[in-house]
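Subject: Structure for you to look at

Hello,

Here is the structure I promised. Please open it, then read my notes alongside.

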Amino acid sequence: MATIAEHGLDGLTMAGLGRDVGMSSGHLLYYFRTKDELLLRTLEWSEGRLGAERSALLSRPAAARERLAAYVDLYVPDGHRDPHWTLWLEVWNRSRNADENARARQAAIEGAWHRDLVALLAEGISRGEFRAVDPDRYAARLRALLDGFSVHVAVGIPGTGRAQVLTHVEEFIAESLLP
C-alpha cells in the first residue's frame, strides 16, 4: 500500500515492488497477474482493516450521533496523499476500463460502507436522535459529500484540509439530520 501511495500505479513496476517486499516480479505476477489486480487486492486488504475498525466503532455503546462522528472521522483522509485514499483514487481512475468482476468487487467495498451508515442512521432515527429521513437516500448523499471532500483532502487542494472538511460535514449533519 505504501509503495502504491508513494509512486502511484503508473510509477510502479513489478520489479521495483518486488524489491520493496522481497519477492521476485515473477512471483508477484503469478499471484496478481496484473497491476490492476494488485491494486484491487491491496484496496480489499486495506478496506478489510478499515472495516474491522469501522465495525468496532459502530458497535460500541454510544449515542448514534457520536458513532456517526466516528464514522465520518474514519472516512475522511488524514491528509494529502493519505495511502488509503490514494488506493481509492487509483481504483476509481482505472474503473472505466475495469471488467465486471473488478467492478463488482469495488461495489462490494462501497456497499459495506453504505450498509453500515444506513443501519446507523436507521438506529438513530428509531431512537429519536435523528430526524425522520430515508436512511438509504441520506446515506447516499452523505457519502457523496464525504467522497467529494475526501478527494480534495487526498489530492491536497488548498483550503480543504481535514479540519475544514470535518467542520463542513458536522455543520451539514447538524442542519439536515439533527432534530
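Histidine 114 sits in helix 7 (residues 100-126). Helices here are DSSP runs of H or I with at least four residues, strands are runs of E with at least two, and both are numbered from the N terminus. Is histidine 114 buried or exposed? It counts as buried, because its relative accessibility is 16%. (Buried means under 20% relative accessible area, exposed over 50%, and partly exposed in between, with a 1.4 Å probe and protein chains only.) Which residues does histidine 114 contact, beyond its neighbours within four places in sequence? They are Tyr71, Asp136, Ala139, Ala140 and Arg143. Contact means heavy atoms within 4.5 Å.

A word on the source. This is a predicted model: local features need pLDDT of at least 70, side-chain atom pairs count only at pLDDT 80 or more, and totals for chains, interfaces and linings use all residues. Residues are numbered from 1 along each chain as its sequence is written, and side-chain values use heavy atoms, with hydrogens and water left out.

How confident is the prediction? pLDDT is the predictor's confidence in each residue, from 0 to 100. The chain averages 88, and 83% of the residues score at least 70. Confidence is lowest in helix 3 (residues 25-32), with a mean of 64. It is highest in helix 5, at 98.

Now the whole chain. It has 9 helices and 0 strands. Of its 179 residues, 44% count as buried. Take the contacts between residues at least 6 apart in sequence: 68% of them join residues at least 24 apart.

Next, look at a helix pair. Helix 5 (residues 64-75) and helix 9 (residues 162-176) pack at an angle of about 145°, and their axes are 11 Å apart. (Axes are lines fitted to C-alpha atoms, for helices over the stretch in contact; angles run from 0 to 180 degrees between N-to-C directions.) Leu68, Val72 and Asp73 of helix 5 meet Arg162, Leu166, Val169 and Ile173 of helix 9. That contact has 5 nonpolar residues, no polar ones and 2 charged. (Nonpolar covers Ala, Val, Leu, Ile, Met, Phe, Trp, Tyr, Cys and Pro; charged covers Asp, Glu, Lys and Arg; the others, Gly among them, are polar.)

Proline 135 is in helix 8 (residues 135-155). Not counting residues up to four places away in sequence, proline 135 touches Val118, Leu121, Ala122 and Ile125. Proline 135 and arginine 115 are 20 residues apart in sequence, and 9.8 Å apart in space, C-alpha to C-alpha.

Arginine 81 lies in the loop between helix 5 and helix 6 (83-95). Its phi is near 65°, a positive value in a residue other than glycine. Most residues other than glycine have a negative phi. Arginine 81 counts as partly exposed, because its relative accessibility is 44%.

Best wishes
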